[in-house]
Amino acid sequence: MQSQTIDPAKTALNHHHAATAEAHHEEHPDHRIFGLIMFLVAEGMIFLGLFGAYIAFRSTLPAWPPEGTPELELLLPGVNTINLIASSFVIHNADTAIKKNDVRGMQLWFAITAAMGIIFLVGQVYEYTHLEFGLTTNLFASAFYVLTGFHGLHVTIGVLAILAVLWRSRTKGHYSNEHHFGIEAAEIYWHFVDVIWIILFGLLYLL
């Protein structure tokens, strides 16, 4: 039985290839944020189409909202707007905290943001249950429910994303100042939801 000998040249070559592959992996650019932004651009185009349709209805019909449509209350939507805008500042504190390796701080700010998002959704449901018109009452009513409902869906997704980040943050070392894509992505998405609502609030409640 012949003994096998290790070729030092081949061993060195294998180490070189492994080191090269590892370096290439580390230098590979991270396109996840870019992908998220492209996704939000696509979502923004959908909202833009809905906003455009609403503006077209408003500018072409002789009366808007149609006669007999009860006026919208401003108090609850106004409070909801302030709440959502404030939540954008709160979630930014979480991003600041994780960049200082303060995981506990990040968890606190994310938990507060999730609570504010849930409060927004509860307020929206409460408004729905007290409106004096339904989805098929007239064109304004249909547009109102589609716009606010579609935005509410995005708020729900944002809250779930924040809760998912909180769940994963329970694992020690999962997030740090060097690895925090989930936190950054949730923050960017939440800012998007906030901006969309500001536009929507202006169109539906103020104009």
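Let's begin with Trp197, which touches Pro77, Thr81, Leu84, Phe120, Gln124, Thr148, His151 and Tyr205, leaving out residues up to four places away in sequence; a contact here means heavy atoms within 4.5 Å. Keep in mind that this is a predicted model, where local features need pLDDT of at least 70 and side-chain atom pairs count only at pLDDT 80 or more, while totals for chains, interfaces and linings use all residues. Residues are numbered from 1 along each chain as its sequence is written, and side-chain values use heavy atoms, with hydrogens and water left out.

**More on Trp197**

- Trp197 sits in helix α6; helices are DSSP runs (H or I, at least four residues), strands are E runs of at least two, and both are numbered from the N terminus.
- Trp197 is buried, with a relative accessible area of 2%; buried means under 20%, exposed means over 50%, and partly exposed is in between (1.4 Å probe, protein chains only).
- Thr148 is 49 residues from Trp197 in sequence, yet their C-alpha atoms are 8.4 Å apart in space.

**The chain as a whole**

- The chain has six helices and zero strands, so reading from the N terminus you simply get α-α-α-α-α-α.
- Out of 207 residues, 38% count as buried.
- Take the contacts between residues at least 6 apart in sequence: 79% of them join residues at least 24 apart.

**The largest nonpolar core**

- In soluble globular proteins, nonpolar side chains tend to be buried together.
- The largest nonpolar core holds 45 residues, and Tyr54, Met106, Phe110, Phe133 and Phe144 touch the most other members; such a core is a set of buried Ala, Val, Leu, Ile, Met, Phe, Trp, Tyr and Cys residues joined through side-chain atoms within 4.5 Å.
- At least two residues of this core come from each of α2 (32-60), α3 (75-98), α4 (103-130), α5 (139-168) and α6 (181-206).
- The biggest giver is α6, with 14 residues.
- Setting aside residues up to four places away in sequence, Phe144 touches Leu72, Glu127, Tyr128, Leu131, Phe133, Gly149, Leu204 and Tyr205.

- The largest pocket contains about 410 Å³ of space. On a 1 Å grid over the protein atoms alone, a pocket is an open set of points where a 1.4 Å probe fits, with protein on both sides within 12 Å along at least five of seven lines, and lining residues have an atom within 4 Å of a point.
- Of the 20 residues lining the largest pocket, Arg32, Tyr175, His180, Phe181 and Gly182 are the closest to its centre.
- Helices α2, α5 and α6 each give two or more residues to that lining.
- By class, the lining of the largest pocket has 10 nonpolar, five polar and five charged residues; Ala, Val, Leu, Ile, Met, Phe, Trp, Tyr, Cys and Pro count as nonpolar, Asp, Glu, Lys and Arg as charged, and the others, Gly among them, as polar.
- The second largest pocket has a volume of about 230 Å³; a volume is the space filled by probe spheres set on the grid points, which are joined across faces, edges and corners.
- Thirteen residues line the second largest pocket, and nearest its centre are Leu72, Glu73, Glu127, His130 and Leu131.
- Helices α3 and α4 each supply at least two residues of this second lining, which by class has eight nonpolar, one polar and four charged residues.

**Local spots worth a look**

- The peptide bond from Trp64 to Pro65 is cis, with omega near -5 degrees, and Pro65 is in the loop between α2 and α3.
- Asn101 isn't a glycine, but has a positive phi of about 65 degrees.
- You'll find Asn101 in the loop between α3 and α4, partly exposed at 44% relative accessible area.
- Gly152 is in helix α5 and is buried, with a relative accessible area of 7%.
- Neighbours within four places in sequence aside, Gly152 is in contact with Leu121 and Gln124.
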